[in-house]
Amino acid sequence: MPRRALVRRPSPRLAEGLLTHVERVPVDVDLALQQWDGYVAALQAEGWETVEVPPAPECPDSVFVEDTVVVLADLAVVTRPGADERKPETAGTEQVLRELGYRMERIEAPGTLDGGDVLKHDGTVWVGLGGRTDRSGAEQLARHLEPLGARVVGVPLTKVLHLKSAVTALPDGTVVGFEELVDDPSVWTSFLPVPEEPGAHVVLLDEETVLMSAAAPATRRLYEDRGLRVVAVDITEFEKLEGCVTCLSVRLRG
Ligand code: CIR
């Protein structure tokens with residue numbers, strides 16, 4: 001089965017992206033475009049076919065395509081993003097996944113859910129309940145995913161934008177997080193604190209390889225000491241907008 005990833009070219013208005021937990025720092029849009037090319041090239045070099053969602057130039061945050069959909073097996077649940085500015089972003093993602101043959105469901109109003117709040121590993125789906133995802137959104141997601149055998153667990157989120165800004169999972173299921181930003185690490189039996197905030201964000205490329213930000217060298221060494229191969233990319237311009245490696249793509253596993 002091909003391993004595909006959805007990506008979406010940054011908007012020329014990227015620098016106007018939303019900010020919630022960090023101060024605005026000027027974004028270099030040309031550099032962001034170069035970094036996005038580097039991110040896409042890194043996925044491709046690791047054997048992932050990338051599929052571009054049609055750009056949404058009028059939506060500054062549209063590059064963060066992960067927030068627009070949750071995909072499990074043959075089902076794509078189109079989200080209803082918590083920020084009104086981001087709600088128009090879902091149409092393009094829905095169109096592409098429909099063309100790829102996915103079954104479609106949708107988070108309906110008044111519920112909200114951002115894909116960045118959804119961490120999946122081995123049949124469990126943790127959903128961060130914070131500024132962007134509410135209980136109705138999480139309940140709707142559970143109704144769509146539970147028939148596929150998933151166990152959906154809501155977790156509190158107050159310190160960061162999205163659940164996956166706080167924690168992600170390594171290939172062996174160890175949940176990694178920058179502890180200061182995790183509301184309740186005891187949710188996970190195997191929680192590993194990492195020394196740098198961007199180190200908490202990994203994209204699983206295969207069973208032994210993770211993609212992560214170049215801004216977390218000490219965490220990179222920690223992962224390498226655990227036997228993982230690490231691909232690191234510069235994404236400084238997206239980090240200024242509370243983005244991370246996870247939110248720049250949607251991985252479709254065949
Ligand atoms: C936002 O506030 O929605 C964007 N500036 C950042 C979204 C990052 N997405 C993610 O972590 N999944």
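**Figure 1. Classes of the residues around the ligand in the predicted model.** The shell around the ligand consists of five nonpolar, three polar and six charged residues. In this classification, Ala, Val, Leu, Ile, Met, Phe, Trp, Tyr, Cys and Pro count as nonpolar, Asp, Glu, Lys and Arg as charged, and the others, Gly among them, as polar. The model is predicted: local features require pLDDT of at least 70 and side-chain atom pairs count only at pLDDT 80 or more, whereas totals for chains, interfaces and linings use all residues. Residues are numbered from 1 along each chain as its sequence is written, and side-chain values use heavy atoms, with hydrogens and water left out.

Figure 2. Leu18, Asp67, Arg86, Arg132 and Leu241 come nearest among the 14 residues around the ligand, a residue being near if one of its heavy atoms lies within 4 Å of the molecule. Leu18 places a polar backbone atom 2.8 Å from a nitrogen atom of the ligand. For Leu241, a polar backbone atom is likewise 2.8 Å from a ligand nitrogen atom. Asp67 instead uses its side chain, with a polar atom 2.9 Å from a nitrogen atom of the ligand. Of the 350 Å² of accessible area that the ligand has on its own, the protein covers 100% (Shrake-Rupley method, 1.4 Å probe).

**Figure 3. Cysteines without disulfides.** The structure contains zero disulfides, a disulfide being a pair of cysteine sulfur atoms within 2.5 Å. Cys59 is buried at a relative accessible area of 3%, and Cys244 is buried at 4% (buried means under 20% relative accessible area, with a 1.4 Å probe and protein chains only).

Methods: Buried < 20%, exposed > 50% of the residue type's maximum accessible area, 1.4 Å probe, protein only. Polar contact = N/O pair within 3.5 Å; in protein donor to acceptor, adjacent residues only side chain to side chain.
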